[in-house]
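Hi,

Here is the structure I promised to pass on. Have a look at it first, and then read my notes below.

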Amino acid sequence: MSDLEKAARDAVDAQANSEQVALILAVLQAQQIAQPQQPTAPRAVRPAGSAAKWIGIGMGGSVFLVAFALSAVAVAISAVALTVCVLVLRSVWQDVQRKG
């Protein structure tokens, strides 16, 4: 079998294959047209913001602010206690220095 005969046979096979592909494509398109289109279900609508969300944010913010205020009070009490302690120790040290 010569190269020319092989090429001719390949061309005939390719033509037959392209006709089969065109036929398959036509069948698929006909099936798509024949099938009834099912309506898509509407998407669920989420509310933009619920009251519970904002109540939770308000309560969380309140707890945070109360904790911050208590820590500020604790720092202030610690500062006053440290100052009194330093003044008392200074006074004791001066008394020890004078008597010694």
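**What I found**

Of the 100 residues in the protein, buried ones make up 0%. Keep in mind that this is a predicted model.

Let's start with the overall build. The protein has 2 helices and 0 strands. Its radius of gyration is 45 Å, while the globule rule gives 13 Å for 100 residues, so the protein is more spread out than a compact globule. If you line up a box with the principal axes, the C-alpha atoms fill roughly 130 × 50 × 10 Å. The accessible surface comes to about 9,500 Å², and carbon and sulfur atoms account for 69% of that.

Alanine 7 is in helix α1, which covers residues 3-34. Glycine 60 lies in helix α2, and its C-alpha is 39 Å from that of valine 86, which is 26 residues away in sequence.

How exposed are these residues? Alanine 7 has a relative accessible area of 44%, so it is partly exposed. Glycine 60 is partly exposed too, because its relative accessibility is 40%.

Next, have a look at the valines. Val80, Val84, Val88, Val92 and Val96 form a nonpolar patch on the surface, and together they have about 420 Å² of accessible area. One of them, valine 80, is found in helix α2, which runs over residues 51-99. Valine 80 counts as exposed because its relative accessibility is 54%, and the cut-off for exposed is over 50%.

Now for the charges. Side chains of opposite charge can pair when their charged atoms come close. How many salt bridges does the count come to? The count is 1. Aspartate 95 forms a salt bridge with arginine 98, and the closest N and O atoms are 3.8 Å apart. Both residues lie in helix α2, 3 residues apart, which is about one turn of the helix. Aspartate 95 is partly exposed, because its relative accessible area is 36%, whereas arginine 98 counts as exposed at 65% relative accessibility.

Taking the charges as a whole, the protein has 8 positive and 6 negative ones, and their mean positions are 46 Å apart.

Cheers

Key:
Residues are numbered from 1 along each chain as its sequence is written. This is a predicted model: local features need pLDDT of at least 70, side-chain atom pairs count only at pLDDT 80 or more; totals for chains, interfaces and linings use all residues. Side-chain values use heavy atoms; hydrogens and water are left out. Patches are made of residues with over 30% relative accessible area and no salt bridge: like charges are joined within 9 Å, nonpolar side chains (Val, Leu, Ile, Met, Phe, Trp, Tyr) within 5 Å. Accessible areas come from the Shrake-Rupley method with a 1.4 Å probe; for residues, only the protein chains shown count as cover. A salt bridge is a side-chain nitrogen of Lys or Arg within 4 Å of a carboxyl oxygen of Asp or Glu. Helices (H or I, at least four residues) and strands (E, at least two) are DSSP runs, numbered from the N terminus. Buried means under 20% relative accessible area, exposed over 50%, partly exposed in between (1.4 Å probe, protein chains only). The radius of gyration is taken over C-alpha atoms; the globule rule is 2.2 Å times the number of residues to the power 0.38. Lys and Arg count as positive and Asp and Glu as negative; His and the chain ends are not counted. The place of a charge is taken as NZ of Lys, CZ of Arg, CG of Asp or CD of Glu.
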